[in-house]
Amino acid sequence: MAEVLAFRVPAGSAHTLLVWGLEPAPGLEHSLFSVFSKFGLLYSVRAHRNAAVAGPGYYAIIKFYSDRDASRAQRACNGQRLFQKSPLKVCVCTKQKGLQQQVLALNSNKCQELANHYLGFNGWSSRIITLQNVSGFDDENGDLGKILQKRSVKYLGAVEVTLPNHGVCTRGVGLGEADIENSEENGKVAVEYNHTQEEPTDSLTEEELKGLVQVNELPLEQFDLEEEVFSDLSFDDEFPSWGMPSN
């Protein structure tokens, strides 16, 4: 059965591995990346120092895009020495406690990395169809003072993505917004896009834009801003009482 990967920050608990029993060493995260990236594309590798009561050492949280890759890595690496003298303990996160985890969008660099890994460098292409300034000021209450204190600029972009090997072509739109703070100096906002003559940028009408896809506004903080909270993770094996890592 095929596994479906979304262009989102991996949020499922099965995507996350806990590695503990790590010995202090320079370039620890690089060593972890070198080993675990052999099993699939990694979203993040983060090493942390153990709690004082646990003694010297580190633990790491490793996140895969694919839960199958994470499972294979756990089976292959658990109990192995890998790059150090003592064996490592590797567990798969089985559930996530607490509040429902927020779905976060990937930034553009991560999206390209994910597409290149699974589709190949020449297996996909994209072009900007249009980039339009849709800024406006909300003056429903006639409070001009507040408007002058805080303004925002909005740009609507439409992008076309093509998968030539699969005969697939699709379009989507996104909305970006940034606040402009008034100051004694005049501020300017510039949007720059470089394209070749073979990839012209069209100007779509409002009706044409409506026919692409529904636009969902995502606040800036939802883009690839993730904080691992160790207390929210649960794993297949329990920690020994002397080795519980700390945040």
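Student: What should I know about the numbering and the atoms before I start?

Tutor: Residues are numbered from 1 along each chain as its sequence is written, and side-chain values use heavy atoms, with hydrogens and water left out. Because this is a predicted model, local features need pLDDT of at least 70 and side-chain atom pairs count only at pLDDT 80 or more, whereas totals for chains, interfaces and linings use all residues.

Student: How many helices and strands does the chain have?

Tutor: Helices (H or I, at least four residues) and strands (E, at least two) are DSSP runs, numbered from the N terminus. Here the chain comes to 5 helices and 8 strands, and along the sequence they follow the pattern β-α-β-β-α-β-α-β-α-β-β-α-β.

Student: What share of the residues is buried?

Tutor: A residue is buried under 20% relative accessible area, exposed over 50%, and partly exposed in between (1.4 Å probe, protein chains only). By that rule, 32% of the 247 residues of the chain count as buried. Strand β1 (residues 16-22) has 6 of its 7 residues buried, so this strand is largely enclosed by the rest of the structure.

Student: Which strand does β1 pair with?

Tutor: Two strands pair if DSSP finds at least two bridges between them. In this model β1 and strand β3 (residues 58-64) pair in the antiparallel sense over 6 bridges, and Thr16 has Lys63 of β3 as its bridge partner.

Student: Which residues of helix α1 are buried, and where do they lie around the axis?

Tutor: In α1 (residues 28-36), the buried residues are Leu28, Leu32, Val35 and Phe36. They cover an arc of only 85° around the axis, which puts them on the same side of α1; the arc is that of the directions from the helix axis to the C-beta atoms.

Student: How many salt bridges are there?

Tutor: Side chains of opposite charge can pair when their charged atoms come close. A salt bridge is counted when a side-chain nitrogen of Lys or Arg is within 4 Å of a carboxyl oxygen of Asp or Glu, and the count here comes to 3. One of them joins Asp69 and Arg72 at 3.2 Å, N to O; being 3 residues apart in helix α2 (residues 67-77), these two are separated by about one helical turn. Asp69 is buried, with a relative accessible area of 11%, whereas Arg72, at 37%, counts as partly exposed.

Student: Which residues do salt bridges join into one network?

Tutor: Let us build it up pair by pair. Glu160 and Arg127 meet in a salt bridge at 3.2 Å, N to O. Glu160 lies in strand β6 (residues 150-163) and Arg127 in strand β5 (residues 125-133), so the pair ties together parts that are 33 residues apart in sequence. The side chains of Arg171 and Glu160 also meet in a salt bridge, at 3.1 Å, N to O. Arg171 lies in strand β7 (residues 168-181) and Glu160 in β6, so this pair ties together parts that are 11 residues apart in sequence. Through salt bridges that share partners, Arg127, Glu160 and Arg171 are joined into one network.
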